[in-house]
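I opened this model to look at helix packing, the nonpolar cores and a few backbone details. My notes follow.

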Amino acid sequence: MTMPRVSSECLKTTFQLGAAEEIATYFPKHKRKISEIAETNFRRLSHWLQTGVWISERSLLSWVRKDECHRVSPLFKKRHLYRKIVRCEEHMEVEHRSILQKFTESARFLVRFILRAKTVGSIIPSSHFLAREIVRQIPKHSLGAPKRYILEIGPGTGVFTDKIIKRLGPEDELDLVEFDASFCELLREKYKHLKNVHVYHMSILDYQERLGEYTHIVSALPLNSFTPDFVHKYFPHIQRLSKPGTTLSSFEYIFLPEIKQIYLSEDEREKFKAILDEKEAFYSAHHHLSHIVFRNFPPAKVLHHVL
Ligand SMILES: C[S@@+](CC[C@H](N)C(=O)[O-])C[C@H]1O[C@@H](n2cnc3c(N)ncnc32)[C@H](O)[C@@H]1O
């Protein structure tokens, strides 16, 4: 990766600033702090009133994109904006999805559910809120950080993938293992511009790439609707793919196991119990944190493990 250079004069002229360094003061250091967001927006407003130029993240990024020489990073070191600029330069951005595109993806999801209810496991893709929680264990890329290998199991239409990609650095690699051919086709098309995202069309149990190399694993498999035999093989396989300290994040819908048990026959209940026991044995052997996300249909519990 080439180190960005500063183009102070150009920055000054485009954004009407007294000194190039000033631009960093128009962006909050911590995007979640309301006081910082309000302060920087107030600065933008007064700058706009004085000069007629509105300084925003979008205008800065499109300015960076316009010309290779517009490299401004030393100004933004350690700020989230720096990461965005590097990502923009490396063409690592995820395309914004229109409402129509999102609707088409949800419709495809529903069709796949109708055809393969057991493996798809849900009638609609996960929500943005669930996606945000499940990727939390993957730190955002920082300059000079070691290369990471990330595995996503069951990406579907890529709701979690979009969020993982936002955390990737140019050196990191993301592997997507998806069982459904139609989803694989969609994912290949959606991420074809990203050289470090790879789609594998197969069951995770047959996946043998990069054994012992993954640093983070995100799994969306609906294990409760799988066979006991699959679940019995699944956890040891995950262990083979990871190395000590790998994070495994997964989710399950809350209340559904309890509701499901009411409708099962005696034989099915035995099988289901074997799955729950298998999961419980794994969960109790590995330290985990859990977080309930109500803003998802159905509401879900996210589990974060360290292997
Ligand atoms: C509950 S959906 C989650 C999809 C997406 N991650 C989301 O949250 O919207 C489960 C996904 O796992 C995939 N899947 C099921 N069994 C699989 C297997 N053995 N190996 C890989 N993917 C599998 C399904 O095709 C489906 O896309």
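**Helix pairs**

I started with α5 (residues 99-115) and α9, whose axes come within 11 Å and cross at roughly 160 degrees. The model is a predicted one. An angle over 145 degrees counts as roughly antiparallel, so α5 is roughly antiparallel to α9. I noted the crossing of α5 past α9 as left-handed.

Next I listed who makes the contact. From α5 I found Glu 105, Arg 108, Phe 109 and Arg 112. From α9 I found Ser 182, Phe 183, Leu 186 and Lys 190. I sorted the residues of this contact by class: 4 are charged, 3 nonpolar and 1 polar.

Then I turned to α11 (residues 256-263) and α12 (residues 266-285). Their axes come within 10 Å and cross at roughly 160 degrees. That makes α11 roughly antiparallel to α12. I logged a left-handed crossing here. On the α11 side I see Pro 257, Lys 260, Gln 261 and Ile 262. They meet Arg 269, Phe 272 and Leu 276 of α12. The class count for α11 with α12 is 4 nonpolar, 2 charged and 1 polar.

**Cores**

Which residues touch the most other members of the largest nonpolar core? I got Phe 160, Ile 164, Leu 168, Leu 174, Val 197 and Phe 251, out of 26 residues.

I followed up Leu 174. Leaving out residues up to four places away in sequence, Leu 174 touches Ile 150, Glu 152, Thr 161, Ile 164, Ile 165, Leu 168, Asn 196, Val 197 and His 198. I also found a second, separate core of 24 residues, including Leu 151, Ile 217, Phe 235 and Leu 307.

**Backbone details**

I checked the peptide bond from Phe 297 to Pro 298: it is cis, with omega near -10 degrees. Pro 298 sits in the loop between β6 (288-293) and β7.

Arg 210 has a phi of about 45 degrees. I placed Arg 210 in the loop between β3 and β4 (214-219). Phe 255 has phi near 70 degrees. I placed Phe 255 in the loop between β5 and α11.

Are these two buried or exposed? Arg 210 is partly exposed, at 22% relative accessible area. Phe 255 is exposed, at 55%.

Terms used
Residues numbered from 1 in each chain as written. Predicted model: local features only at pLDDT ≥ 70, side-chain atom pairs only at ≥ 80, totals over all residues. Heavy atoms only, no water. Core = buried A, V, L, I, M, F, W, Y, C linked by side-chain atoms within 4.5 Å. Buried < 20%, exposed > 50% of the residue type's maximum accessible area, 1.4 Å probe, protein only. Contact = heavy atoms within 4.5 Å. Axes fitted to C-alpha atoms, helices over the stretch in contact; angles between N-to-C directions. Helix = DSSP H or I, 4+ residues; strand = E, 2+ residues; numbered from the N terminus. Parallel < 35°, antiparallel > 145°, perpendicular 65-115°, else oblique. Left-handed = near helix turned anticlockwise from the far one by under 90°. Nonpolar A, V, L, I, M, F, W, Y, C, P; charged D, E, K, R; others polar.
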